[in-house]
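Please read them with the coordinates open.

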Amino acid sequence: MRYQRRVAAVGLIAASALVLGACGSDENAGGGGVTAVEGVQCGGKPDLRSSGSSAQNNAMTRFVATYQQTCQGQTLNYTPSGSGAGRNEFLGGQTDFAGSDSALKDGDETNRAQQRCASPAWNLPLVFGPVAVAYNVAGVTDLVLDGTTTARIFNGQITTWNDPAIAALNQGKQLPAAPIVVNFRSDESGTTENFQKYLVAASNGAYGKEAAQTFNGGVGAGARGSQGVADATKNTPNSITYVEASFAQRGGLAMAQIINAGGGAPVALSPESVGAAINNVQVSGQGNDLKLDLNSLYQASAPGAYPIALATYEIVCSNYADDQTASAVRAFLSTALSPNAQQALPEAGYVPLPDQFKQRLTTAVNAIQ
Amino acid sequence: MTERTTEQAPSRSSQDESSAAGSSTIDTVTEPDPARGRSQGSPIQGRGERIFRGLTSGSGLLVVAAVAAIGLFLLVQAVPSLLANNANFFTSPVFDTRDAANLNFGIRDLLVVTLLSSLFALAIAMPISLGIALFLTQYTPKRVSRPFAYIIDLLAAVPSIIYGLWGIAVLAPALLPIAEWLSGNLGWFFLFAPGNLPVLTGTIFTGGVVLAVMILPIITAVTREVFSQTPRFHIEAAQALGATRWEVIRMAVLPYGRSGYIAGSMLGLGRALGETIAVLIVIRAATTPSGFSLFDGGYTFASLIASAASEFSQPLPTGAYIAAGLVLFVLTFVVNAIARVVAGGKVNG
C-alpha cells in the first residue's frame, strides 16, 4: 500500500514533468495555412532523403508540408544531423541531397561529390536566416552600431555602453555608464561562425580574431544554444548578443540597427532589408553552381541592406544517375521556391528570397537532370 | 524507504559489507545458509538452491564485469587521442579539439570546476541533510515524519533538466543579492574573489546551490534510514543516565549513524560530480580558466561532454572527450575510496 502510493506520487511528478518538458520543445511547422502549389511537375521517387544543417530545419519542415500538399503521395525526410554529417551522408550516397551551412569545400569534397554524382554538384543557397545583434539596455530601443564598433564590442576593446565610439553613432541617446556584458554561444554553431565572418569582413581588421564555429572574441559569458543566449540577454541588464532574429523577436529583445559598409543610414532588420543584401550578393560558383561569396553579403553597401545573415545551401547533383530522383528533387525545390512556401518563412525566422535572386535559383533547379 | 535501501545493497555489498545501511545487505548474503541446511535430502530444493545461488552470484559478477568493461572501453577509446595530444593532459586549462590534426586538450579547468561545484554543493547539503534526518527520526512523531519524508524523496524524482531551468530562471536572480554581498564584502577570500564571468548569475556558486538541492534527498534518505535503526537500548540507556534529547543524539544516534551519514554523503557527491544537464544549463561558459573562485564559470567533465556530444563525428576529437570521461570515472573511484577511509569501514554500534 505504502509502496503503491509512492509509485503513484512519483508517477504524478513524472507526468507533470513530461507535460512541462513538452512546453519547451521547438516550434514545429504549423499545419494550418499550407496550400498546394500550382504548376509544379510532380512525380519521381516518392520518398526523398536529405540531412544536414539544423539552422534550416524549421524552413525545411514548412517546405515539406507544402511539398506533401502539392505532390500527393510524395514526401521528403529531412534529418537535422548537422552540416558536416549532412555533407558526408550525401557524399556517401545515403541521401539524395544535403543541407549545409557552408558550400562544398574546394578540393577533396568537390572531387568526392563529382564521383558520387558522376557530374558536378551544385551548391544552391535556398534558405537565409538573418542574425540579430540583440541587446538589453534599459531605456534604449534604437541602438545603432556599425561593423567596426560591433567587432570591438565583441572582442572586448569597447567595455562600457557610454564609450565614445558607441556614443558617436547614437547621438542624443542616454547610454548608461555600465559595463557591457557579452553573451556568446558556448556550443559550436554556424551562427557563431557566420557572425564572426561578418565581424572580420566588416570591421577593416578591427576584430582581429579567427572566424570559427566557436566564439573567439575572448570576452563575456557563454550560454548554450540560441535560446540560451536569448534568455541570458533578457535576464542580464546591459548585455548584448548575436542570435537568429526569430529568437530575439520571441524573447522581446531589442535589435540593433546596423550601418552597413556603404556607410548610409542605419538599417533595421526586416525581410526587405535582408532581401536587399541578398540581391546584391556575388556568386563565386560557375554557371548554376550558386556558391556565394559571403564577404559580398557582409560588406553589402546598398542603402537599406542589412548585412548579417546565415546562408544555408542545398547541395544537389547537377545530373542524377537516377532520373526518378532527379524529377523528385526538382519538384521539391520548385515547391520550396514557390510563393506559397516562401511566404511562410518569416514566421519561422527566415527571409523570403528576393525575386531577382529567386530567378537564378529557379533556373538552376530547372537545369537539374 | 526500505525498498531503496535494498536496491542499493547489492552494489555496495561487494565494497562495504559492514556499512551501516548494509544491515539488510548482510541478510541477503547470509540468507542461503539456513536454507541449505533445510534442503539436504530434497533434490528439487537443492537444485533451486543452486539456481538461486548461480543467479545471485551471476548478478554480482555482472556488475563487476560491466564496470570493468566501461573502464576498458574508456581507456581503449582515449589512448589514441591522448597520444595525439599536443598539450599536457593534466595541467593544460584549454580544451581545443576543433582541429583533429592538432589536438590541444587538458583537464585542469574541468577538474577545478567539477570539484569546486560538487564540494560546495556537499558543504551546503550535508548539514541540512543531517538536520532533516535528525528532525524526522528524533523530533517528530511517525505520523508527521512520513509525509515529510515523501516530500523530500520527491525532490529526487524531479528531472535534472527541470532543476537546470529552475536554477537559471528562478534561483539565479534570487541568489544575485547574496552573491553581490559576498563578492563585495568577502572578495579578499579566494572563494569569493571576482570570477572570470562578467556576471554573478550562472556561476559555480549558483550551480553549487542547484546541485545541493539535487543531492539533498539522497543524503537525507540514507542518513534517515541509518538514524532510525539506532538500537533502542542505546537510546534508553542514555536516557536512563539522565541525558537530554541533544545528549542522546550526540552520544547514541550520531556515533551509530556516522559512517552511514558519510556513505550517504558520498553517494550524493557522486551524483553531483556526474550531474550533466542541470550544470550545463546553469553554469555559464567562460573565456578564461577558473581561478578557484565560486564566481567563476566553466565546464565540468560531464557538462563539457554533453555540450560537445552533438559534434562527435571524428574519432580523435571524440577520444579527447572520452579521456575526460575516463578521468571522471577514476575521480568517482577515488572519492569512494576516500569515503571508505573516512567512514572507518565499520559501524560504531
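What percentage of the contacts in chain A with a separation of 6 or more comes from residues 24 or more positions apart?

1. **Contacts in chain A.** The figure is 74%. Keep in mind that this is a predicted model. Burial in chain A stands at 51% of its 369 residues.

2. **Overall dimensions.** The chain holds 14 helices and 13 strands.

3. **The annotated span.** The unreviewed UniProt entry carries the annotation "domain: PBP" for residues 47–338 of chain A. In the model, that span is 36% helix and 23% strand.

4. **Strand β8 of chain A.** This strand runs over residues 239–244. Six of its six residues are buried, so β8 is largely enclosed by the rest of the structure.

5. **Partners of β8(A).** Strand β4 of chain A, residues 121–136, runs antiparallel to β8(A), and six bridges join the two. Within β8(A), A:Ile240 stands opposite A:Tyr135. Strand β6 of chain A, residues 181–185, pairs with β8(A) in the parallel sense over three bridges. Here A:Asn183 stands opposite A:Thr241.

6. A:Arg185 belongs to strand β6 of chain A. Is A:Arg185 buried or exposed? It is buried, because 24 other C-beta atoms lie within 10 Å and the threshold is 20 or more. Beyond its neighbours within four places in sequence, A:Arg185 contacts A:Thr191, A:Thr192, A:Phe215, A:Gly222 and A:Val229. A:Gln69 is 116 residues away along the chain, and the C-alpha atoms of A:Arg185 and A:Gln69 are separated by 37 Å.

7. **From A:Gly222 to chain B.** A:Gly222, one of the contacts of A:Arg185, has B:Ala285 in β3(B) as its bridge partner. The pairing joins strand β7 of chain A, residues 221–223, to β3(B). These two strands run antiparallel, with two bridges between them.

8. **The contact between the chains.** How many residues of chain B are in contact with chain A? There are 25, and they meet 27 residues of chain A. On the chain B side, at least two residues each come from α6 (142–157), α7 (160–185), α11 (277–282) and β3 (285–286). By class, that side has 15 nonpolar, six polar and four charged residues.

9. **The nonpolar core.** The largest nonpolar core has 187 residues. Those with the most contacts inside it are A:Val133, A:Ala277, B:Ile215 and B:Ala324. Helix α8 of chain B, residues 204–227, gives the largest share of this core, 15 residues.

10. **Around A:Ala277.** Which residues does A:Ala277 touch, leaving out those up to four places away in sequence? They are A:Leu297, A:Ala300, A:Ala305, A:Tyr306, A:Pro307 and A:Ala309.

Terms used:
Residues are numbered from 1 along each chain as its sequence is written. Chains are lettered from A and ligands numbered from 1 in the order in which they are written. This is a predicted model: local features need pLDDT of at least 70, side-chain atom pairs count only at pLDDT 80 or more; totals for chains, interfaces and linings use all residues. A nonpolar core is a set of buried Ala, Val, Leu, Ile, Met, Phe, Trp, Tyr and Cys residues joined through C-beta atoms within 7 Å. A residue is buried if 20 or more other C-beta atoms lie within 10 Å of its own, exposed if 12 or fewer, and partly exposed in between; C-beta atoms are placed from the backbone. Helices (H or I, at least four residues) and strands (E, at least two) are DSSP runs, numbered from the N terminus. Two residues are in contact if their C-beta atoms, placed from the backbone, lie within 7 Å. UniProt positions are given in the numbering used here, feature names are shortened, and annotations may be inferred rather than shown by experiment. Two strands pair if DSSP finds at least two bridges between them. Ala, Val, Leu, Ile, Met, Phe, Trp, Tyr, Cys and Pro count as nonpolar, Asp, Glu, Lys and Arg as charged, and the others, Gly among them, as polar.
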